[in-house]
Amino acid sequence: MGKCVHQKVTTHVETVVLLSKGEIDSKKVRVEFSLEDVDMSGFQKGATYEQIKAYVLEKHGLKVSSLYISQVKRKCGLEIGQNYNLSKKEDAKVPQCPLEKEEVIIDALKHFQII
């Protein structure tokens, strides 16, 4: 199971503009909008690292680190954030994610529809 297959998702943006003919007294224009009736569920695609850790622990009884999650995400070709906690040593040894944990992280990524 160690291989990761995913589909690239593309998005589009729709813009609605109301144009009117006339002069504006000021260079400032006030725009108001409300998200009250907008379904926001589609905006948060995926899961946080903490949600992935909790899912893996609950379903598989294993603890995984953020490092392991980012290694698997990188292996799957997914974007990951920048790590600001890098070691200052030139020859720092970074533990690699064991296959057993890689498989359960992939399961979690599929569960959260990230891959």
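Biologist: Does Ser70 count as buried or exposed?

Modeller: This is a predicted model, and Ser70 sits in helix H2. The cut-off for buried is under 20% relative accessible area. Ser70 has 12% relative accessibility, so its class is buried.

Biologist: Which residues does Ser70 touch, not counting those up to four places away in sequence?

Modeller: Ser70 belongs to helix H2. With residues up to four places away left out, Ser70 touches Tyr49 and Ile80.

Biologist: How are H1 and H2 oriented to each other, roughly parallel or roughly perpendicular?

Modeller: The axes of H1 and H2 come within 10 Å and cross at roughly 100°. Angles from 65 to 115 degrees count as roughly perpendicular. H1 and H2 are therefore roughly perpendicular.

Biologist: How do the residues of the contact of H1 with H2 divide into nonpolar, polar and charged?

Modeller: H1 contributes Tyr49, Ile52 and Lys53, while H2 contributes Ser66, Ile69, Ser70 and Lys73. Sorted by class, the residues of this contact are 3 nonpolar, 2 polar and 2 charged.

Biologist: Which residues is Leu109 in contact with, leaving aside its neighbours within four places in sequence?

Modeller: Leu109 is among the residues with the most contacts inside the largest nonpolar core. Leaving aside neighbours within four places, its contacts are Ile52, Val72, Lys73, Leu78, Ile114 and Ile115.

Biologist: What kind of aromatic pair do the rings of Tyr55 and Phe112 form?

Modeller: A search of the whole structure gives 1 aromatic pair. The ring centres of Tyr55 and Phe112 are 5.7 Å apart and the planes stand at 65°, so the pair is edge-to-face.

Biologist: How many residues apart in sequence are the parts that this pair ties together?

Modeller: Both Tyr55 and Phe112 are buried. Tyr55 lies in helix H1 and Phe112 in the segment after H3, so the parts tied together are separated in sequence by 57 residues.

Biologist: What pattern does the protein follow along the sequence?

Modeller: The protein has 3 helices and 0 strands. Read along the sequence, the pattern is α-α-α.

Terms used: Residues numbered from 1 in each chain as written. Predicted model: local features only at pLDDT ≥ 70, side-chain atom pairs only at ≥ 80, totals over all residues. Heavy atoms only, no water. Core = buried A, V, L, I, M, F, W, Y, C linked by side-chain atoms within 4.5 Å. Buried < 20%, exposed > 50% of the residue type's maximum accessible area, 1.4 Å probe, protein only. Contact = heavy atoms within 4.5 Å. Axes fitted to C-alpha atoms, helices over the stretch in contact; angles between N-to-C directions. Helix = DSSP H or I, 4+ residues; strand = E, 2+ residues; numbered from the N terminus. Parallel < 35°, antiparallel > 145°, perpendicular 65-115°, else oblique. Nonpolar A, V, L, I, M, F, W, Y, C, P; charged D, E, K, R; others polar. Phe/Tyr/Trp six-rings, centres within 6.5 Å; stacked < 30°, edge-to-face > 60°.
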